Amino acid sequence: MEMRLSWAAALSVLAMVIVGCTTTEEANKAIQSRWIGQPVDSFFTYYGPPVSTFPLNDGGTIYTWVGGQTTRHIPAQYQTVPVNDPNKITRTTTETRKNADGSTSTTTRSSTIGVPEQTVTRMVSPARSEELFCELQITTGPDKLIRMLRATNDTDGEGLSFSRCAEVMGVKK
């Protein structure tokens, strides 16, 4: 009973954490509502300069901005599994009895003879590094006001977040 309650509690906490995570789509909406119509220079003053620009025929510009670069190190994952021991002998006996009322009772017993169960640790996945960042495409008109802004490349966040852009842009759910 206690084991069921602890699993239920763990699943509830996990569900709350996942529900609290911001996705790229939610980050896009929040970033757009904050920056569309604002001067692009204000954005770059706050978050840093763009990595590239592309002039448009109408006098506007498409900027590519990248920020929030960091590396997440993920340690190797290991699992401990039992080793089959050829010297171990398992003996199983089944006993059937007839009861006084005419019904039948069956009892099965197993016993193991040999060394205690041995285990070995195996690598499930090797250590790795992941590059985390947020890439935005920002389109302005000739007046240098932001007309469109969207995440074009958004990795997972540093914590349990689904969006590095949400973390970098300070988007709260």
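Helices (H or I, at least four residues) and strands (E, at least two) are DSSP runs, numbered from the N terminus. With that settled, I opened my notes.

**Ground rules.** I am working on a predicted model, where local features need pLDDT of at least 70, side-chain atom pairs count only at pLDDT 80 or more, and totals for chains, interfaces and linings use all residues. Residues are numbered from 1 along each chain as its sequence is written, and side-chain values use heavy atoms, with hydrogens and water left out.

**Confidence.** I checked pLDDT, the predictor's confidence in each residue, from 0 to 100. The protein chain has a mean of 82, and 80% of its residues reach 70 or more. By element, helix α1 (residues 2-19) has the lowest mean pLDDT, 45, while strand β1 (residues 52-55) has the highest, 97. Over residues 7-20 the pLDDT stays under 50, and there I found four contacts (heavy atoms within 4.5 Å) beyond four places in sequence.

**Overall layout.** I listed four helices and eight strands in the protein chain. Read from the N terminus, their order is α-α-α-β-β-β-β-β-β-β-β-α. I also looked at contacts between residues at least 6 apart in sequence: 63% of them join residues at least 24 apart.

**The sheet.** Which order do the four strands of the open sheet take? I read β1-β2-β7-β8, with antiparallel pairing; two strands pair here if DSSP finds at least two bridges between them. β1 and β8 (146-154) stand at the edges with a single partner strand each, so one side of each has no neighbour in the sheet. The twist averages 20° from one strand to the next, taking axes as lines fitted to C-alpha atoms and angles from 0 to 180 degrees between N-to-C directions. Strand β2 (residues 61-74) runs antiparallel to β1, and four bridges join them. In this pair I found T53 opposite Y63 of β2.

**A closer look at T140.** I placed T140 in strand β7, which covers residues 128-140. Is T140 buried or exposed? T140 is buried, at a relative accessible area of 0%; the cut-offs are under 20% for buried and over 50% for exposed, with partly exposed in between (1.4 Å probe, protein chains only). Setting aside neighbours within four places in sequence, I noted contacts from T140 to V40, L56, G60, T61, Y63, L145, I146 and R147.

**Surface.** Buried residues make up 24% of the 173 residues in the protein chain. The chain exposes about 12000 Å², 55% of it supplied by carbon and sulfur atoms; accessible areas come from the Shrake-Rupley method with a 1.4 Å probe, and for residues only the protein chains shown count as cover.
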